[in-house]
Amino acid sequence: MAAILRPAAIALLLLAIPVPPDRGGIPDRWNPWAPLRVADPPNALTSLKLARLSRDGELCRAVLADAPLQATPVPDREVGAGCRLTDAVRVTRTRFALDTPFLLSCRGAVSLALWETHTVQPAALRILGAPVARMQHLGSLACRDVARAPGRRSRHASADALDVAGFTLSDGRRLSILRDWGDADAPAGRFWRALHRGGCRSFDGVLGPDYDAAHANHLHLEVGGWRYCR
């Protein structure tokens with residue numbers, strides 16, 4: 001029986017094919033050499049293209065410039081012992097309005113734009129019947145260790161993580177993960193679970209309320225670390 005290739009294996013095979021970006025007639029979203037476009041639906045190459053942005057700040061900023069997000073680059077700098085901003089931006093608006101701006105790495109901002117475009121807004125329309133207008137967050141940059149691993153810096157320490165707590169729909173309804181997560185069968189509960197699943201396609205790491213009590217009131221979304229979805 002022929003072996004079944006996983007999407008990641010297919011992506012690696014594509015990367016091994018010596019075809020330059022302007023040859024072969026491959027659509028950009030399936031071309032491993034073409035830059036990521038936030039408007040394109042995620043596929044087997046998305047994680048590889050996102051990883052490339054972590055290594056190429058100029059490319060990341062170019063991708064971010066085409067994203068539905070308002071952000072201004074900030075200087076690279078130390079923000080504490082073992083905490084550093086590199087290729088970070090100050091986000092004043094995403095696809096949605098914000099109560100307060102936040103700092104996020106460029107790679108994190110691209111992942112956020114992907115998540116909002118291909119997971120959050122579609123889930124709101126499909127499950128709740130109205131688009132999201134505003135997002136509530138609990139912050140991004142925090143020079144601290146991982147709670148369960150003293151001595152190991154959190155992805156928050158480099159602005160590679162964002163904690164999302166709620167959304168407001170265009171009709172005024174407010175969605176809170178702290179209040180809504182418990183009822184998995186209610187529309188709001190299904191909405192948050194769709195966001196959790198979709199986050200695992202756009203970010204490297206996702207933690208939700210089922211992980212531990214510390215995450216009862218937010219989705220932790222991060223880039224740059226180990227891949228996990230809990």
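**Ser154**

I started at Ser154, which sits in the loop between β9 (149–153) and β10 (161–169). I am working on a predicted model. Is Ser154 buried or exposed? I found Ser154 buried, because its relative accessible area is 7% and the cut-off for buried is under 20%. Next I looked up its partners. I left aside the neighbours within four places in sequence. That gave me contacts of Ser154 with Arg144, Asp145 and Val146.

**Gly224**

I moved on to another loop residue, Gly224. I placed Gly224 in the loop between β13 (219–222) and β14 (228–229). I read a relative accessibility of 43% for Gly224, so this glycine counts as partly exposed. The band for that label runs between 20% and 50%. Which residues does Gly224 touch, leaving aside neighbours within four places in sequence? I noted Arg107, Arg155 and Asp204.

I then checked C-alpha distances from Gly224. Ala51 is 173 residues away in sequence, yet I got 8.0 Å between the two C-alpha atoms.

**Ser54 and helix α2**

I followed that pair back to Ser54. I found Ser54 in helix α2, residues 46–55. Its relative accessibility is 42%, so I logged Ser54 as partly exposed.

**α2 against α3**

With α2 open, I looked at its packing on α3. I read an angle of about 120 degrees and axes 6 Å apart. I noted the crossing of α2 and α3 as left-handed.

Which residues make this contact? From α2 I listed Arg52, Leu53 and Arg55. From α3 I listed Gly57, Leu59, Cys60 and Val63. I sorted the residues of this contact into four nonpolar, one polar and two charged.

**α3 against α4**

I stayed with α3, residues 57–65, and turned to α4, residues 106–128. Their axes come within 9 Å and cross at roughly 30 degrees. I therefore wrote α3 and α4 down as roughly parallel to each other, since that label covers angles under 35 degrees. I logged the α3 and α4 crossing as left-handed.

On the α3 side, I found Cys60, Arg61, Val63 and Leu64 in the contact. On the α4 side, I found Cys106, Arg107, Ala109 and Val110. How do the residues of the α3 with α4 contact divide by type? I counted six nonpolar, no polar and two charged.

I cross-checked my lists. Cys60 and Val63 are in the contact of α3 with α2, and both are also in the contact with α4. Arg107 is in the α4 list, and Arg107 is also a contact of Gly224.

**Whole chain**

I finished with the overall figures. I read six helices and 14 strands for the protein chain. Buried residues make up 47% of its 230 residues.

Last, I checked the reach of the contacts. I took contacts between residues at least 6 apart in sequence. Of these, 55% join residues at least 24 apart.

How values were computed:
Residues numbered from 1 in each chain as written. Predicted model: local features only at pLDDT ≥ 70, side-chain atom pairs only at ≥ 80, totals over all residues. Heavy atoms only, no water. Helix = DSSP H or I, 4+ residues; strand = E, 2+ residues; numbered from the N terminus. Buried < 20%, exposed > 50% of the residue type's maximum accessible area, 1.4 Å probe, protein only. Contact = heavy atoms within 4.5 Å. Axes fitted to C-alpha atoms, helices over the stretch in contact; angles between N-to-C directions. Parallel < 35°, antiparallel > 145°, perpendicular 65-115°, else oblique. Left-handed = near helix turned anticlockwise from the far one by under 90°. Nonpolar A, V, L, I, M, F, W, Y, C, P; charged D, E, K, R; others polar.
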